[in-house]
Structure formats: C-alpha cells, structure tokens
Amino acid sequence: MSSAEQPKSTRKERREEAREARKSIEAQESQRQARRRRMMQLGAAGLVAVIVIAVAFIVSGSTKKQEAPKPTSHKGTQAAKLVSSEVSGIPQSGVVLGNPKAPVTLQYFGDLECPICRDFTTGALPSVIANFVRQGKVKIEYHSMETATREPQVFREQQAAMLAAARQNLGWNYLELFYNEQGEEDTGYVTPAYLKGLAAQIPGLNLAKWEAERSDPKLVEKVEADETKSGEEGFTGTPSFVLAKTGGNTRKLTEFTTADLAEARALFEPAIEAALKS
Amino acid sequence: MSSSALRKTMIVLATIGLGVASYLTYIHYAGIVPLCGKGGGSCLKVQTSVYSKIVGIPVPVLGLIGYFLILVTLFVRQNDTVRLATLILAFSGFAFSAYLTYREVFTLKEICEWCVSSAIIMTILACLAVWRFLLGDPPPQPALAGEGNPGPEADGEPLTALPG
C-alpha cells in the first residue's frame, strides 16, 4: 500500500470510532431514562397497592345500622305479644325453657344472628313448645354457638345480653324476640342500642339490672364454655341439637336446615317420642 | 435469575394460586366445610365472615380473577407494558391479601390455612414481578451465522436488529 492511501483509512477508522462512541453514550442515556421510567412506574404500582388497601378498609367499614323496633312501634308490639303468648306460663330457669323435671332434654345450639335458627325458632319450634314443652314432657336448653355472627366480639356481646335476661328467667323471651326481629345478615345491625331495644320490649325485665349484668365476665365464660361443648359434639353449623332422656344417653339430631313445619315435625316428634319411651 | 426463568416460576406460582382460589370458590358455593386444620372450624369462620365478600362478591372469586389475569399477562407476548400490567396485578393482589390477613389475625382472630397460602403465593409473585420488571427487556441475542431462530433464553422477545 502506498503512503498516499493510509490517511484515508485512518480517517474512516476515526469516523467509525466516533460513531461507536456516540452510540455508546446514547445507549447509556437511553438505559438511564428507561431505568428512571421503570422506577416511576414501580412507584405508581406501589401507589395502586396502597389505594387497594384503603378501598378495602373503606368498603368493609361501611355497614348499615338497624335499630330494633321501638317497644311502642307496631312491629315491636306485635313481636313482643307473639313471644309472650308462646312462652308465657312455661317455667324458665336460666337458659332452660320448660319443667326442670321434664323427662326429655333438648339441647339447642344456636347463634342469635343465624337466619336458619330464626327460621326454625319462628317456624317449627312453636309446635315443639306447644306439644311437648308446655305439656311438661320436654325442656329445651339453649347453648351459644357462633356461625352467622362472624365477629367474635359482637357474638359474645349479643349472647351475653341474652344470658343477662336469662338471669331474670326471661332468657327465652329475649332470644325469641331476637329471632323474631332479626336484621339483615352482614349489615352490622347488632349494636348496643339494638340489644337494649330488645330488652326494653320484654315485660317484667328489670332493664337497669340487665344493663349492669350483661358485661359480667362470667356470662362470656358461659358463652365460651358453650362453644367448647359444641366443638366436642362435632357440630359445624347451626341450629344443631342434642336430644336425650334427661340424664340418659344423648342423641344428636341432624343439623336442621328448614323451617318447614311438616319436616320439623317429621324430625323432632318421632325422636322426642322415642326418647320419652326409652 | 433470567427474565425467562422468572416468568416460568411466576407461571407455576400463579397456577398453584389459581388452584387454591378455585377450591375456595367451589366450597363457597357448595356450602361445604373446607379441608382445614382444627376440623375446618377456623377456615369456616374466616370463609363465612363478613370480610369474605367485597361489595357482595366473594373474595375467592376475586382471587380467581386476579390469578387468571396474572397468568394471561405471563402468556402474552412480553414487553415493558405487559410486564407493568403483571406488576400492577401482583401488587394489587399482594395488597388485598395483606388486608385480608390483617382481618383474619386481628379482627377475626382465626387463621385460614388456605387464605394464608394464597397470601404467601401472591407475596412471592409480587416480589418476582418487581424483579422481572426492573430487569427490563432481556439483552438481544447475538445472531449466529446461518441461523435465524432465537435461542431459548429469548423469553418471547423480538430480536433487536442491530443498526446498520
């Protein structure tokens, strides 16, 4: 190669080097910008996560509050009359409805907010009460078992409110009224005002005494003891029942899922008759 | 870990999460007791709690939709926008799982093992989504003489043509 050709190659090589350097700088700048953009997008995604949490808290916190009917309201008066007619004249002792010496005991495990318990208590139980409890053949013992209530603190308070009425031997008036005036599930309607409203509808209940006693820790212990008992029985839903000749071998009745009077009679009455004969 | 390996790991995790959400959705509508420790009692209480629905939609259904959408973003042709979508979905799922876990532990005071497993899966998915997102596009594969197909590590990315 002649010396005259060498400078041209060198210039070409220099141009190539300059172009490569420029491209390298541009690539680095592009990467820097891409990284910055990604960090901003990452921040935006984090903000979305925070908004999701905030919305979840806001949505779960909004609940309808439903008061129990006032004692003088039409609904309140009607419900109180109905309950009174059902249980009046039947001895009550704590959570037991019926003659304490009745030969057959029916243990009723329920949650006051459970709609199936409501259906049973308002639909089928009245016939059991009329045909067996009022005759002195069966006594019913109510036990607390949390299913529908879902908030443990609310469950303990509402069941303790019933137990406080039971201390004045009006527990069955309270629980029957609760079931008759049950609110809509999952709306958070059970508030202290609601519980007090129910108590105010019970003729003969000493409201001040009820109010003072319902926060007694012994009542919460009783609720927890009932829960333990339901676990030992292997129950997973409410209402659930144990039927036995008083002091005899127990028999679990199938979890009751209907308020149909005929079905209830078909389930309970033969079982009670069999227990009475055993 | 390469972007491709992260993507495959996320596909496996999202599939497992989809399985968990499907099971929980099934038991919700079938009304049966979930297979769970302590005779199903804790899981049942959590699954039937007031927090098991958001605006009337069962939480397992939301989980099902979330995992499905994440899988969709992992199977389509990948680019920065798709990886961002995966990230947002995983972060949202992680945030919602964190909220549900808070409610379980501090409000209901019960533990549902299925819910916890879904929360763990979603947390790992969120971490991997961040990692993959920050990795960005995989480096272009060098073109081999006489071969026109991309290698196995291409992660479905188009080859970047070298400027001429």
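A: Helices (H or I, at least four residues) and strands (E, at least two) are DSSP runs, numbered from the N terminus. Also, this is a predicted model, in which local features need pLDDT of at least 70 and side-chain atom pairs count only at pLDDT 80 or more, while totals for chains, interfaces and linings use all residues. Residues are numbered from 1 along each chain as its sequence is written, and chains are lettered from A and ligands numbered from 1 in the order in which they are written.

Q: OK, what's the crossing of H1(B) and H5(B) like?
A: The crossing of those two, H1(B) and H5(B), is left-handed. Their axes come within 9 Å and cross at roughly 155 degrees. That makes H1(B) roughly antiparallel to H5(B). Axes here are lines fitted to C-alpha atoms, for helices over the stretch in contact, and angles run from 0 to 180 degrees between N-to-C directions. Angles under 35 degrees count as roughly parallel, over 145 as roughly antiparallel, 65 to 115 as roughly perpendicular and the rest as oblique.

Q: And what classes of residue are in the contact of H1(B) with H5(B)?
A: There are 18 nonpolar, five polar and two charged residues in the contact of H1(B) with H5(B). Ala, Val, Leu, Ile, Met, Phe, Trp, Tyr, Cys and Pro count as nonpolar, Asp, Glu, Lys and Arg as charged, and the others, Gly among them, as polar. Two residues are in contact if their C-beta atoms, placed from the backbone, lie within 7 Å.

Q: How many residues does helix H1 of chain B have?
A: Helix H1 (residues 3–30) of chain B has 28 residues. From first C-alpha to last it reaches 40 Å, close to the 40 Å expected at 1.5 Å a residue. That expected span is 1.5 Å times one less than the number of residues.

Q: Which residues of H1(B) are buried?
A: Among them are B:Met10, B:Leu13, B:Ala14 and B:Leu24, and B:Arg7 is on the list too. A residue is buried if 20 or more other C-beta atoms lie within 10 Å of its own, exposed if 12 or fewer, and partly exposed in between, with C-beta atoms placed from the backbone.

Q: How does H4(B) pass H5(B)?
A: H4(B) passes H5(B) in a left-handed crossing. Helix H4 (residues 80–108) and helix H5 (residues 113–135) of chain B pack at an angle of about 150 degrees, with their axes 8 Å apart. The residues of the contact of H4(B) with H5(B) divide into 14 nonpolar, six polar and three charged.

Q: Zooming out, what's the pattern of chain B along the sequence?
A: Chain B follows α-α-β-β-α-α-α, which comes to five helices and two strands. Buried residues make up 35% of its 164 residues.

Q: And how many helices and strands does chain A have?
A: Chain A has 10 helices and six strands. Of the 278 residues in chain A, 36% are buried.

Q: How many residues does each chain put into the contact between A and B?
A: Chain A gives 19 residues and chain B gives 26 residues. On the chain A side, the largest share, 14 residues, comes from helix H1 (residues 6–61) of chain A. By class, that side of chain A has 11 nonpolar, four polar and four charged residues.

Q: Changing topic: which residues does a cis peptide bond join?
A: The cis bond joins A:Thr238 and A:Pro239, with omega about -5 degrees. A:Pro239 is in the loop between helix H9 (217–233) and strand E5 (240–245) of chain A. For context, most residues other than glycine have a negative phi, and most peptide bonds are trans.

Q: What about the phi of A:Asn169?
A: A:Asn169 has a positive phi of about 55 degrees although it is not a glycine. A:Asn169 lies in the loop between helix H5 (152–166) and helix H6 (171–180) of chain A. With 17 other C-beta atoms within 10 Å, A:Asn169 is partly exposed.

Q: Last one: how far apart are B:Val61 and B:Thr25 in space?
A: They are 5.9 Å apart, C-alpha to C-alpha, and 36 residues apart in sequence. B:Val61 lies in helix H3 (residues 59–75) of chain B.

How values were computed
A crossing is left-handed if the near helix is turned anticlockwise from the far one by less than a right angle, and right-handed if clockwise.
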